[in-house]
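Trainee: I've got a new model to look through, and I'd like to go slowly. Could we pick out a few residues and see what surrounds them?

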Amino acid sequence: MKLVFFVPHFSDGGLERSTIRLAEEIVRRGGEAVLVTLHDQGKMLPQWPDPTNVRVLHRRSTFSAIPALAKLMRSERMDGLVSAQDHANVAAVLAKQLSRKRIPLILTERLSLRAAMKARGWFRRSVLRLLVKYAYPRANAVVANSQDGAREVESVLGWPEGRVAAIYNPTVNDSIEQLAKETVDDTWFTAGNIPVVVGLGRLVEQKDFSMLIHAFANARKTTELRLAIFGDGPQRDDLTNLAQELGISEHVRMEPFVVNPYKYLSRAALFVLSSRYEGLPNALIEAHACGVPTVSTDCPTG
């Protein structure tokens, strides 16, 4: 069996990490897996051990890549294509129609569909809702990564309960325990030092790290703590400035994406998930696997 996984940007997110784990498991079970993406700059791509099975469409946006994806569908044998997130799902359906190939499509939702749409402007949200309602019924299967997420997709589409399957992310594997034991050459994480709170994820509005920084500033009024946030994204400067405004910049570190976050998680005093919405939050599950206490917002749908 040959499965193709279409993810527009293999950046430093849980979606990309879980997709690679799923593809690796397909290979481990004797199948073939191919990653398809818009460009070859994604930070997670080096984690994929088979660069010969990466197809780069060389397009700037998901919808502009539809003709290139259709061409790939015509030229390459595949037993199924799995796409992730609303815009990529719509593009996959349109590309299949353009290719005129009978390739089974599995569309996956990895976030709260309602919340992700609400985060967009009115016009984009309205157009995307129409495209989703057109495209999703034309797939062979629609999958969400949580029970609440599946029910939410059904509600948006007006489908009966049970039509959208819930399949959890492949999150914890045997390598996490070993990765968590790797040496950390960082005095912040030395045993017996000041406790460190860790945040992990893309620096975007969805993750709401500004709320975490505000909460951390309040906690420091009574408790000696440090905060380390690992991830890249467009809000880095804003978050750095916020820590300075609150007078806690010397106690907050904005760290870039790291290949192995587990060695830091396992040495943290606390992991905090501050998201406004999620799908099934990999980082929260991985923190539990590393044995660190966790605090989470109560957010849809994760």
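Trainee: Where does Arg100 sit?

Mentor: Arg100 lies in the loop between α3 (86-99) and β5, where helices are DSSP runs of H or I with at least four residues, strands are runs of E with at least two, and both are numbered from the N terminus. Please keep in mind that this is a predicted model, in which local features need pLDDT of at least 70, side-chain atom pairs count only at pLDDT 80 or more, and totals for chains, interfaces and linings use all residues. Residues are numbered from 1 along each chain as its sequence is written, and side-chain values use heavy atoms, with hydrogens and water left out.

Trainee: OK, and is Arg100 buried or exposed?

Mentor: Arg100 counts as exposed, because its relative accessibility is 77% (buried is under 20% relative accessible area, exposed is over 50%, and partly exposed lies in between, with a 1.4 Å probe and protein chains only).

Trainee: Which other residue has a positive phi although it is not a glycine?

Mentor: One of them is His58, with a phi of about 55°, and you will find it in the loop between β3 (54-56) and α2 (66-75). His58 is exposed too, at a relative accessible area of 58%. As background, most residues other than glycine have a negative phi, and most peptide bonds are trans.

Trainee: So where is there a cis peptide bond?

Mentor: A cis bond joins Pro300 and Thr301, with omega at about -10°, and Thr301 belongs to the segment after β12.

Trainee: Changing topic, which helix holds Thr19, and what does Thr19 touch?

Mentor: Thr19 is part of helix α1 and is buried, with a relative accessible area of 1%. If you leave aside neighbours within four places in sequence, Thr19 is in contact (heavy atoms within 4.5 Å) with Phe5, Val7, Phe10 and Arg110.

Trainee: And what about Ala23, which residues does that one touch?

Mentor: Ala23, which is also placed in helix α1, touches Phe5, Ala33, Leu35 and Trp48, again not counting residues up to four places away in sequence. Its relative accessible area is 0%, so Ala23 is buried.

Trainee: How far is Ala23 from Asp237?

Mentor: The two are 34 Å apart in space, C-alpha to C-alpha, and 214 residues apart in sequence.

Trainee: Then which elements do the buried residues of α11 pack against?

Mentor: They pack against α1, α7 (175-180), β8 (196-200), α10 (262-265), β11 (270-273) and β12 (294-296). The buried residues in α11, which spans residues 282-289, are Asn282, Ala283, Leu284, Glu286 and Ala287. Just after α11 comes Gly291, which takes a positive phi of about 80°.

Trainee: Zooming out, how many helices and strands are there in the chain?

Mentor: The protein chain has 11 helices and 12 strands, and its C-alpha atoms fill a box of roughly 65 × 40 × 35 Å, taken along the principal axes. Of its 302 residues, 52% count as buried.

Trainee: And what share of the contacts joins residues at least 24 apart?

Mentor: That share is 68%, taken among contacts between residues at least 6 apart in sequence.
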